[in-house]
Protein chains: 2
Amino acid sequence: MIRCNPENVLAMSGIRKTRQRVDLLGLMIEAVSFSASQLQKDLPDVDLATVYRFIHLLKNHGIVREIAYLDGQQFFEYVCEHHPPHGHFYCENCARLFCLPPLDFNQSNVLIRNAGNHRVEQVSLIMKGVCKACRES
Amino acid sequence: MIRCNPENVLAMSGIRKTRQRVDLLGLMIEAVSFSASQLQKDLPDVDLATVYRFIHLLKNHGIVREIAYLDGQQFFEYVCEHHPPHGHFYCENCARLFCLPPLDFNQSNVLIRNAGNHRVEQVSLIMKGVCKACRES
DNA sequence: AATTTCTTGCAAATGATTCGCATATAGAAT
DNA sequence: ATTCTATATGCGAATCATTTGCAAGAAATT
């Protein structure tokens, strides 16, 4: 699957390939979500500044999207055609972030109708609470 | 109106009244939204640490609620019974934050149904784009 | 007014993110 | 394969929001 191979993604987007980028993108594609410091924890030999710079580069290319700012840091996710825009649930107990089933943000549904006359380019929906697993244990 | 008078709000919540708190709460009640540094810009004689401490205190009392983290800082709004939970629209051009009409977050609507088996305690909905005024100028 | 408790201001610490710059590397050209 | 040029990286320092420790000041209680 082309979109899930770091080297292909870079080539398709005309982004120069480096060892650091291939490694980082590999993690990003696998992860449900990630932050700069989480990535760097798994790739200690890659400089944090490099991680930040690469995340921004991918964000500008639409390869990565911002999810939310939680617990003092920014979280992102890899964008995939099989993973359209959707909300997230953040468990305040175990600090895990779950994807919610996609809402149809782009049709004239209740969400967008709500925005009145503004032109909406991005929708971010975060729910916080206690996840199922934490409630049951 | 009791809920709109800083001194009443503090008294009703059993929060000790100080000059700084009355001044800050006055601004918070008037503002559509606010950040710590915005408040301090209008009340330069109040220490920034005091602003942060007071915001957290009010948040714990449910008097203030977190809206979003935008442009590197946290934004909040004063909670009022005439102002139930609602989404916000952030204009990326003029950096203004608009309130959207309230969504019925608490009924079993599309949003909450989406959360599956998690217990939702807080919903945050942010749309980003270009506001009407900016589009027309 | 005295006492106790909580709040403030100040300065320093923290932590995420960004920046400058010299060096290293990728990809293109030879 | 070697050379060349543009770009990426690592490192250290800077920045910025937010938090913390602590001594001095102010609120509420007696």
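**Exercise 1.** Determine the strand order of the open sheet of 6 strands in this predicted model, and identify its edge strands.

*Solution.* The edge strands are β4 (97–102) of chain A and β4 (97–102) of chain B, since each pairs on one side only. From one strand to the next, the twist averages 25°. In chain B, strand β3 (residues 86–91) pairs with β4(B) in the antiparallel sense, over 4 bridges, and within β4(B) the residue B:L97 is the bridge partner of B:Y90.

**Exercise 2.** Describe how β1(A) and β2(A) are connected and paired.

*Solution.* Strand β1 (residues 64–70) and strand β2 (residues 73–78) of chain A run antiparallel and are joined by 6 bridges. Across this pairing, A:E66 of chain A stands opposite A:F76, which belongs to β2(A). The two strands form a hairpin with 2 residues between them, and in its turn A:D71 has a positive phi of about 50°.

**Exercise 3.** Decide whether B:V64 is buried or exposed, and list its contacts beyond its neighbours in sequence.

*Solution.* Begin by locating the residue: B:V64 is found in strand β1 (residues 64–70) of chain B. Next, count its surroundings: B:V64 has 20 C-beta neighbours inside 10 Å and therefore counts as buried, the threshold being 20 or more. Then set aside the neighbours within four places in sequence, which leaves contacts with B:M28, B:I55, B:L58, B:K59, B:F76, B:E77, B:Y78 and B:V79. For one of these residues, B:F76, which lies 12 residues away from B:V64 along the chain, the C-alpha separation from B:V64 is 6.6 Å.

**Exercise 4.** Work out which elements and residues of the two chains surround DNA strand C and DNA strand D.

*Solution.* Take DNA strand D to begin with: 24 residues lie around it, of which A:Q20, A:D47, A:T50, B:A49 and B:Q74 come nearest. At least two residues of this surface come from each of α2 (19–30) and α4 (48–60) of chain A and α3 (36–42), α4 (48–60) and β2 (73–78) of chain B, and α4(A) gives the most, with 4 residues. By class, the surface near DNA strand D has 7 nonpolar, 9 polar and 8 charged residues.

Turning to DNA strand C, 24 residues surround it, and the closest are A:K17, A:A49, A:Q74, B:D47 and B:T50. Here α3 (36–42), α4 and β2 of chain A, together with α2 (19–30) and α4 of chain B, each supply at least two residues, while α4(B) gives the most, with 4 residues. The surface near DNA strand C divides into 7 nonpolar, 9 polar and 8 charged residues.

Methods
Residues numbered from 1 in each chain as written. Chains lettered and ligands numbered in written order. Predicted model: local features only at pLDDT ≥ 70, side-chain atom pairs only at ≥ 80, totals over all residues. Near = placed C-beta within 6 Å. Nonpolar A, V, L, I, M, F, W, Y, C, P; charged D, E, K, R; others polar. Pairing = 2+ DSSP bridges. Axes fitted to C-alpha atoms, helices over the stretch in contact; angles between N-to-C directions. Buried ≥ 20, exposed ≤ 12 C-beta atoms within 10 Å, placed from the backbone. Contact = placed C-beta atoms within 7 Å.
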